[in-house]
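Biologist: I would like to go through this structure with you, one topic at a time. Could we start with how the strands pair?

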Protein chains: 2
Amino acid sequence: MKLYVGIDLGGTNIGAGIVDGDGNILIKGEVATGASRPFEEVIEDMAGLIEDLMEQGEYTISDIEAIGIGSPGSIDREKGVVVSANNLGWRYAPVREELQKHIDLPVYLENDANVAGLAESVAGVCKGAKNSVTITLGTGVGSGIIIDGKPYIGSHGVGAELGHIIVHVDGIQCNCGNKGCLERYASATALIREGRKAAEENPNSLIAKSVDGDLDKINAKVVIDAAKAGDEKALEIFETYIYYLTMGIVTTVNMLDPSVIAIGGGVSRAGDFLLDALRESVAEHTFYKDIESSNIYLSELGNDAGIIGAAMLGSIK
Amino acid sequence: MKLYVGIDLGGTNIGAGIVDGDGNILIKGEVATGASRPFEEVIEDMAGLIEDLMEQGEYTISDIEAIGIGSPGSIDREKGVVVSANNLGWRYAPVREELQKHIDLPVYLENDANVAGLAESVAGVCKGAKNSVTITLGTGVGSGIIIDGKPYIGSHGVGAELGHIIVHVDGIQCNCGNKGCLERYASATALIREGRKAAEENPNSLIAKSVDGDLDKINAKVVIDAAKAGDEKALEIFETYIYYLTMGIVTTVNMLDPSVIAIGGGVSRAGDFLLDALRESVAEHTFYKDIESSNIYLSELGNDAGIIGAAMLGSIK
């Protein structure tokens with residue numbers, strides 16, 4: 001069986017793994033990205049990590065079919081270039097060309113949200129689904145759309161930006177320039193924003209107390225834990241969050257009607273508390289109640305999704 | 001060259017045509033639907049129309065590859081059944097089975113909005129585009145999504161319902177059960193609703209005058225013509241209309257990033273007045289301003305789209 005290298009390129013760490021064709025990680029490791037260094041040094045360390053893993057696993061280059069890289073930001077897939085990635089500080093970084101100076105294998109690049117969607121489609125909760133959408137609820141809202149088993153990226157490579165579908169005309173200003181994008185309401189950042197506001201307004205609330213009044217410590221988990229504990233204000237924030245996320249999912253269902261919608265990212269660690277509320281809310285707002293609709297699950301692969309999905313870029317080419 | 005029969009099944013008329021593989025109509029005709037009659041009689045007339053056209057054009061059954069039917073409502077493609085179509089008054093109508101009693105050819109069914117999208121993709125303004133979306137602005141807002149040259153219908157056949165993406169959380173109540181669907185703001189019905197309201201409030205407005213005060217005569221054309229003539233209130237309605245339609249298109253672009261977006265349906269007869277305003281507005285709200293984005297055009301095929309797209313169902317199978 002041919003093997004694949006998957007690279008999860010992040011602002012803090014570079015994760016790498018050797019993965020089989022079914023999406024099983026055989027061996028993995030990571031190094032610090034050190035993104036402020038010259039780009040060439042980062043890629044040199046990336047190559048070193050791959051070589052270390054091959055040595056540890058006793059694989060040779062002939063065992064490996066290709067290297068796939070999931071990167072934040074915008075990507076030129078044909079040229080193998082990271083066009084712009086703010087949290088790496090890179091613009092027009094020729095990743096493929098630089099990596100191939102060290103390792104002579106095909107190198108595929110893809111956006112990290114699309115890679116996560118591919119991972120869930122090959123080896124996670126969307127396995128076997130023809131069409132699926134993986135929504136990543138983190139600092140922003142990312143998404144990977146899989147159609148017929150392949151990442152759908154659109155005609156100019158900028159599709160699958162579920163975070164920037166507009167759910168509220170003239171709503172909250174988004175950093176994309178528009179107003180009312182889903183990301184403004186359904187990201188961890190939205191929970192934090194609303195949690196801080198609530199804690200400021202009511203210093204005796206559970207949210208404020210659970211961070212000893214240090215509002216900078218409020219994260220999505222703090223808000224959701226307070227909601228789980230029954231705090232009224234936190235529950236209100238959580239319900240609004242679920243409502244907006246539902247509207248984004250309704251739009252996704254009415255447009256793409258996927259078999260499976262997978263919910264990943266930091267907020268998804270809220271587990272069944274999130275999933276149950278979301279399923280109930282989406283069911284309430286589904287148009288065709290008499291036919292089967294998209295199933296909603298929590299994504300399965302967690303942090304490994306980046307490595308697995310990147311590796312699978314080589315297997316779907 | 002193999003030929004195809006395309007049927008445009010409407011509440012008022014049944015249109016039919018014999019179409020070549022490039023989407024050119026060689027001969028066409030129509031009969032009244034008479035939807036209130038027994039279903040079997042409607043299909044008998046449909047078969048009669050097809051046979052008439054074949055006779056007139058001197059085609060034999062061996063010249064025809066298949067019959068495609070574009071139907072309103074929801075469709076069971078596998079079984080060839082119209083599951084539910086309000087403006088035909090049909091529920092679970094076995095169209096394929098009934099038609100094949102008269103003509104022994106493969107019969108394909110598809111939703112009429114998807115068929116219109118396919119027509120534009122094969123022979124209209126989306127020709128050559130890998131991915132396209134045709135948006136039909138009529139009584140409702142319909143859409144046909146073409147991905148890789150084929151209608152994209154989703155995993156349960158209910159995708160491509162652009163009219164029911166949510167653009168305004170808690171907005172106007174829609175007959176689908178949700179609030180704030182695009183259809184409530186971007187259909188001809190929305191223009192009529194706002195036009196009537198304006199005429200009621202101001203009987204001296206151009207909208208009211210152009211129908212001699214008979215508000216029931218206000219249609220989309222009346223409102224748009226008043227806007228074209230510079231009437232302040234009509235322009236305000238038109239600008240709001242364009243704004244909401246823009247938000248729906250921004251969502252479409254950020255999700256699907258198609259090569260082409262085609263605008264069809266009754267409202268599209270406003271021509272360049274609509275197109276220019278829409279293009280300007282969408283460009284203003286596009287995120288990636290430095291790369292090529294979806295081109296917006298008016299759809300080309302008009303009423304023939306139904307026949308052409310239905311016929312092409314046979315050619316893409």
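Biologist: Which residue of β4(A) is the bridge partner of A:V5?

Modeller: Please keep in mind that this is a predicted model. The bridge partner of A:V5 in β4(A) is A:I67.

Biologist: In what sense do β1 and β4 of chain A pair, parallel or antiparallel?

Modeller: Strand β1 of chain A, residues 3-9, and strand β4 of chain A, residues 64-71, pair in the parallel sense. Six bridges connect them.

Biologist: What holds paired strands together in general?

Modeller: Strands of a sheet pair through backbone hydrogen bonds, and the pairing is either parallel or antiparallel.

Biologist: What is the strand order in the open sheet of chain A?

Modeller: The order is β3-β2-β1-β4-β8 in chain A, which makes five strands with mixed pairing. The edges are taken by β3 (25-32) and β8 (107-111) of chain A. Each of these two has a single partner strand, so one side of each lacks a neighbour in the sheet.

Biologist: By how many degrees are neighbouring strands turned against each other?

Modeller: On average, neighbouring strands of this sheet are turned by 20° against each other, with direction ignored.

Biologist: Which helix packs on the sheet?

Modeller: Helix α10 of chain A, residues 305-312, packs on the sheet. Helix α10 touches β1, β2 (13-20), β3 and β4 of chain A, and its direction makes about 130° with that of β1(A).

Biologist: Let us turn to chain B. What joins β1(B) to β2(B)?

Modeller: A hairpin joins them through three residues. Strand β2 of chain B covers residues 13-20 and runs antiparallel to β1(B), with seven bridges between the two. Within that pairing, B:G6 has B:G17 as its bridge partner in β2(B).

Biologist: And which strand pairs with β1(B) in the parallel sense?

Modeller: That is strand β4 of chain B, residues 64-71, joined to β1(B) over six bridges. There, B:V5 has B:I67 of β4(B) as its bridge partner.

Biologist: How many of the seven residues of β1(B) are buried?

Modeller: Six of the seven are buried, and the strand, residues 3-9 of chain B, is mostly covered.

Biologist: How are the two chains related? What rotation superposes chain B on chain A?

Modeller: A rotation of 180° does so, with 0.0 Å of shift along its axis and an RMSD of 0.0 Å. The two copies are thus related as by a two-fold rotation axis. Moreover, 100% of the interface residues of chain B are also interface residues in chain A, so the copies meet through the same surface.

Biologist: What does A:T251 touch beyond its neighbours within four places in sequence?

Modeller: A:T251 is in contact with A:I165, B:I165, B:I166 and B:T251. A:T251 is found in helix α8 of chain A, residues 232-256. Its relative accessibility is 1%, so A:T251 counts as buried.

Biologist: Which residues have the most contacts inside the largest nonpolar core?

Modeller: They are A:I207, A:I249, B:I207, B:I249 and B:I263, in a core of 113 residues. Beyond its neighbours within four places in sequence, A:I207 has contacts including A:G195, A:I218, A:V222 and A:I237.

Biologist: One last topic. How many disulfides does the structure hold?

Modeller: There are zero disulfides over all chains.

Methods. Residues numbered from 1 in each chain as written. Chains lettered and ligands numbered in written order. Predicted model: local features only at pLDDT ≥ 70, side-chain atom pairs only at ≥ 80, totals over all residues. Heavy atoms only, no water. Pairing = 2+ DSSP bridges. Helix = DSSP H or I, 4+ residues; strand = E, 2+ residues; numbered from the N terminus. Axes fitted to C-alpha atoms, helices over the stretch in contact; angles between N-to-C directions. Contact = heavy atoms within 4.5 Å. Least-squares fit on C-alpha atoms with pLDDT ≥ 70 in both. Disulfide = S-S within 2.5 Å. Core = buried A, V, L, I, M, F, W, Y, C linked by side-chain atoms within 4.5 Å. Buried < 20%, exposed > 50% of the residue type's maximum accessible area, 1.4 Å probe, protein only.
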